[in-house]
Amino acid sequence: MSSYKVLDVNDDLPIRTKGKVHSGKVRSVYWLTEQDSVRLIEEKGYNIPKDTPLALMVISDRISAFDCIWQGENGLNGVPGKGIALNSVASHWFKLFDEAGLAGNHIVDIPHPYVWIVRKAETVRVEAIARQYITGSMWRDYAKGVRNFCGIDLPEGLEAHQKLDNVLITPSTKGIITGVAEVPEVDDVNITRQNIENNLAAFNFKSASDIDLYEKLLTEGFKLISEQLAELDQIFVDTKFEFGYVEEVDGSHKLIYIDEVGTPDSSRIWDGPAYRDGKIVENSKEGFRQLLINNVPDSDVLLNKDRMDEREELAKGYKLPVDVMMQVSDTYVGIASKIVGKQLEIPSDPRQEVIDILDKEYGLID
């Protein structure tokens, strides 16, 4: 199994681009030249305005947790199959959202399981978070006596991992919002609906009614995924969606889903039988976080934001055993295969496959 090559570095592919490659924790974005965007829209018949800027989004097999990237022994600097698992799951849900008439998304083509061609969107600066259970950071705060979350009051007497009466929408900031008195200038800070209503422009919303729309798309998307997972006896615990505006062929601006949805990275998914048994079995990245907490010499370094420098040092030097990385691979590939209804094939050399397809079928390799 460990003979797999992982795609750990994904921002140095020989793709013809306009400007610098934007390298995120897991995905890298290559903006195509105007000529290539126009050519592909024409050649491939994408149903978007002819002058829409296109980008290639290449996912890696890197794994991040606690704001750091983690590595394995023997040069296994990623989790085999993780990139394919995330992309397959997200595009599966996007397709079902389309069929249910919810909203479109930013993907216009999937050349390879590691690669999406996406259209440019104006990003809404809100991490749209929905929760059906009280767990994780919300439970930790609740246990300390916090009862108000993002402007929503929770009752007394809740227990860890308990199902909530309603799906709660608990947004946070995407990036650092500046110049808004009631919102601290830090990334990923909890906000209320009122904060957004009072500062539409700061959060990049075009109208107040679009707040209703994002909440509708979030709750209906959550419900759809939750029902589908229930059929697999899996529990959709909480998730994060992102939204943005795109211009359609008729010149209108539409709010759509962007980034990824319902993946084991952006959501918590619990095993149903184990939950009924009083145990929590994570089929998501949360399992990897717990693994790290149990494996590193001093778990406070991971949990204490004031020790970020030490945490970054630790992540640079710390190597996880190969069998731990493979355990994480089994979790990701296992849940993804269940969701999409077929066993995912992990390519033996993803990097070369990606380059070959983008060269032969898309003419994007220099």
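A nonpolar core is a set of buried Ala, Val, Leu, Ile, Met, Phe, Trp, Tyr and Cys residues joined through side-chain atoms within 4.5 Å, where buried means under 20% relative accessible area, exposed over 50% and partly exposed in between (1.4 Å probe, protein chains only). The model is predicted: local features need pLDDT of at least 70, side-chain atom pairs count only at pLDDT 80 or more, and totals for chains, interfaces and linings use all residues. Residues are numbered from 1 along each chain as its sequence is written, and side-chain values use heavy atoms, with hydrogens and water left out.

Select Trp70, Tyr214, Phe243 and Tyr257: these have the most contacts inside the largest nonpolar core, which has 99 residues. Helix 10 gives the most to this core, ten residues; helices are DSSP runs (H or I, at least four residues) and strands likewise (E, at least two), numbered from the N terminus.

Around Tyr214, show its contacts (heavy atoms within 4.5 Å), not counting residues up to four places away in sequence; among them are Val126, Ile169, Phe205 and Phe243.

Arg147 is in the loop between helix 3 (136–143) and strand 10 (148–149). At 22% relative accessibility, Arg147 counts as partly exposed. Its C-alpha atom is separated by 16 Å from that of Gln132, 15 residues apart along the chain.
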